[in-house]
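Here are a few exercises to work through with the model open beside you. Try each task before you read its solution.

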Amino acid sequence: EGEGWTTVEKKSSKEMSKAEWKKVLFGKEAELNAELVNKKRKEIVANRGKKTVDRFEQMDQLKALLELSKDANLGIALEFRILMDLIATIFDVPTAASAMRDDVWKNCLDRMEYLLDLLAAHPEVVLSEDENIEENLMDPEKRYVVSGSVLVYTERMDEEFIKILQNTDAHSTNYVAKLQGEAKVTELVCRVQKYLENRFKDDTKPNLLCKIYIRRIEHLYYKIDRSSCEGVGEGGKKGK
């Protein structure tokens, strides 16, 4: 207000462009490279779990970092690493009534689908369940290795979906609408099953395969065809 002053409204993180995010995260004149982006990633991830951290803002920061990394073509392994951190951060977002918000869960599902797209397109990248493994995000002379478990994320995403349904009136139209997400969850579980089967053809991780098989079975439905059971007596044979 007053002569010579202009009122400027601060943009929310969701309204910011890639150029604006680049300026916020790295400064106006910074030239992006893999080392710089990975350093910023570590800074953001280091704040996970702190009470003073805005989880939604942290999620938006990693989203922006992922897009900037892709645009600058900084390597597929680094893209994997940022994406894995982003999914983990989505699970950190505060829940309402013990269940994840619908829009947050859908965002998680979309990111999981994209992760599986990347895994199918880039078999040269090893996603290791070993949290202590030495990652290789930037050296093209060696095989790329990223720490993380697609199975753990799938189980968590599925559990959050169940919580969403449990916290919705089962007799409402809203429940019916949310239940439609079951098809996408089942499809995702099937894709993870296929990925794990292809990766562990030598049966080196039977425990992981068993977990995804159980998860798949939990999403199977059946309905008895009563017409085919009419007249069935003892011994399972139809009467004349």
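A pocket is defined on a 1 Å grid over the protein atoms alone, as an open set of points where a 1.4 Å probe fits, with protein on both sides within 12 Å along at least five of seven lines; lining residues have an atom within 4 Å of a point. Grid points are joined across faces, edges and corners, and a volume is the space filled by probe spheres set on the points. The model is predicted, so local features need pLDDT of at least 70 and side-chain atom pairs count only at pLDDT 80 or more, while totals for chains, interfaces and linings use all residues. Residues are numbered from 1 along each chain as its sequence is written, and side-chain values use heavy atoms, with hydrogens and water left out.

**Exercise 1. The largest pocket**

Find the volume of the largest pocket and describe its lining.

Step 1: The volume comes to about 340 Å³. Among the 14 lining residues, L119, A120, Y195, N198 and R199 are the closest to the centre.

Step 2: Assign the lining to helices (DSSP runs of H or I, at least four residues) and strands (E, at least two), numbered from the N terminus. At least two lining residues come from each of α5 (102-121), β1 (125-128) and α8 (181-199). The biggest share belongs to α8, with five residues.

Step 3: Sort by type, with Ala, Val, Leu, Ile, Met, Phe, Trp, Tyr, Cys and Pro as nonpolar, Asp, Glu, Lys and Arg as charged, and the others, Gly among them, as polar. The lining then has eight nonpolar, four charged and two polar residues.

**Exercise 2. A salt bridge from R199**

Which residue forms a salt bridge with R199?

Step 1: Look for a side-chain nitrogen of Lys or Arg within 4 Å of a carboxyl oxygen of Asp or Glu. The partner is E129, with the closest N and O atoms 3.0 Å apart.

Step 2: Check accessibility, where buried means under 20% relative accessible area, exposed over 50% and partly exposed in between (1.4 Å probe, protein chains only). E129 is partly exposed at 24%, and R199 is partly exposed at 27%.

**Exercise 3. Another salt bridge**

Work out where K40 and E43 lie and how accessible they are.

Step 1: K40 bridges to E43, with 3.0 Å between the closest N and O atoms. Both are in helix α2 (residues 34-46), three residues apart, about one turn of the helix.

Step 2: K40 is buried at 18% relative accessible area, whereas E43 is partly exposed at 38%.

Step 3: A network of them links R41, R81, D85 and E135.
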